[in-house]
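Q: Can you walk me through this one? I have the sequence and the model open.

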Amino acid sequence: MSDVSKTVQKWHASFRKGTDFDSWGQLVEAIDEYQILARQLQKAHSATASDFTEDQKKTIGKIATCLEMRSASLQSAQSKEEFKLEELKTLETILQNILTYNKEFPFDVQPVLLRKILAPGEEENLEFEEEEENGAGAAGSREVLPSRSPGTLLPRLPSEPGMSLLTIKIDKIGLKDAGQCIDPYMTVSVKDVNGVDINPVQDTPVATRKEDTYIHFSVDVEIQRHVEKLPKGAAIFFEFKHYKPKKKFTSTKCFAFMEMDEIKPGPIVVELYKKPTDFRRKKLQLLTKKQLYLHLHQTLHTD
């Protein structure tokens with residue numbers, strides 16, 4: 001079997017694995033499998049030197065788009081990219097026979113550019129960043145960061161009688177190599193007990209400044225659901241991300257979360273955990289033994 005045939009065989013196995021998870025209701029696993037496969041297909045679509053023809057690469061790119069659309073549909077009930085499992089399954093034979101497929105693609109989609117943000121689990125296969133005690137950003141340094149990213153923060157929802165809305169101010173995060181982080185920002189999401197998005201995911205703007213072992217955000221995030229409507233077992237996640245110029249992608253460095261019983265007015269300090277982000281909170285590993293945390297402040301608004 002040729003190398004290209006082996007590659008297609010691996011893609012097909014991954015596709016089948018994802019759709020199996022999807023049909024069994026294991027949505028978190030399905031999303032992970034879809035996103036990892038989509039990235040692999042996007043790489044093949046974007047490659048200049050390739051064993052695939054231009055038409056085959058275009059079809060591969062379109063399948064990647066459909067995988068992302070299905071993943072988006074699973075992650076948010078509010079997704080505009082509604083794409084059904086039955087529709088995705090029709091692409092299995094196309095992917096399996098990509099080397100001989102010569103018909104029109106069944107869906108009106110276009111390939112998307114290769115994303116710089118890694119799919120879940122991919123960071124584990126990359127070299128972990130060096131965390132030097134005495135590198136740039138040692139204690140005592142101070143740096144004001146440029147405001148490069150406007151973020152995707154959403155306004156507060158309208159109030160409802162008898163309901164509470166939650167504003168979380170992200171004050172600062174403590175990291176021993178804070179000064180080395182380029183374009184740092186936070187991704188805030190609310191997940192159910194299975195790790196599936198309940199609300200739209202929000203990104204903060206790039207942090208305002210670094211000082212000693214802290215990166216300061218000082219930004220308010222409006223949780224996009226009334227507190228009383230959050231399901232049992234849900235959690236609010238904070239993923240700290242930064243840009244790696246050598247590898248040319250945005251990486252998740254660590255994450256933190258708040259559970260429902262921690263929602264109360266006032267300041268709160270939460271622990272930081274090692275990547276990859278575990279939205280189901282099953283295998284948690286502390287980032288460091290040092291006294292470094294994510295500092296937040298909660299405000300509850302009642303009508």
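**Working through the model**

A: Let's start with His12, which sits in helix 1 (residues 3-24). Keep in mind that this is a predicted model.

Q: Is His12 buried or exposed?
A: His12 counts as buried, because its relative accessibility is 16% and the cut-off for buried is under 20%.

Q: What does His12 touch, leaving out residues up to four places away in sequence?
A: Its contacts are Glu92, Leu95 and Gln96.

Q: Stepping back, how many helices and strands does the chain have?
A: There are five helices and 11 strands.

Q: And what share of the 303 residues counts as buried?
A: That share is 47%.

Q: How about contacts between residues at least 6 apart in sequence: what share joins residues at least 24 apart?
A: In this chain, 72% of those contacts do.

Q: OK, helices. At what angle do helix 2 and helix 3 pack?
A: Helix 2 (residues 27-46) and helix 3 (residues 54-75) pack at about 155°, and their axes are 8 Å apart. Angles over 145 degrees count as roughly antiparallel, so that is how these two helices are arranged relative to each other.

Q: Which hand does the crossing have?
A: Helix 2 passes helix 3 in a left-handed crossing.

Q: Which residues meet there?
A: From helix 2, the list includes Leu27, Ile31, Tyr34, Leu37 and Leu41. On the helix 3 side, Ile60, Ile63, Ala64, Leu67 and Leu74 are among them.

Q: Switching to strands. How many of the 10 residues of strand 7 are buried?
A: Nine of them are, so strand 7 (residues 235-244) is largely enclosed by the rest of the structure.

Q: Which strands does strand 7 pair with?
A: Strand 3 (residues 182-191) runs antiparallel to strand 7, and eight bridges join the two. Strand 8 (residues 249-259) also pairs with strand 7 in the antiparallel sense, over 10 bridges.

Q: Last thing, confidence. What is the mean pLDDT?
A: The mean for the chain is 84, with 85% of its residues at 70 or more.

Q: Where does pLDDT stay under 50?
A: That happens over residues 115-149. The model has 72 contacts beyond four places in sequence for that stretch.

Technical notes: Residues numbered from 1 in each chain as written. Predicted model: local features only at pLDDT ≥ 70, side-chain atom pairs only at ≥ 80, totals over all residues. Heavy atoms only, no water. Buried < 20%, exposed > 50% of the residue type's maximum accessible area, 1.4 Å probe, protein only. Helix = DSSP H or I, 4+ residues; strand = E, 2+ residues; numbered from the N terminus. Pairing = 2+ DSSP bridges. pLDDT = per-residue confidence, 0-100. Contact = heavy atoms within 4.5 Å. Axes fitted to C-alpha atoms, helices over the stretch in contact; angles between N-to-C directions. Parallel < 35°, antiparallel > 145°, perpendicular 65-115°, else oblique. Left-handed = near helix turned anticlockwise from the far one by under 90°.
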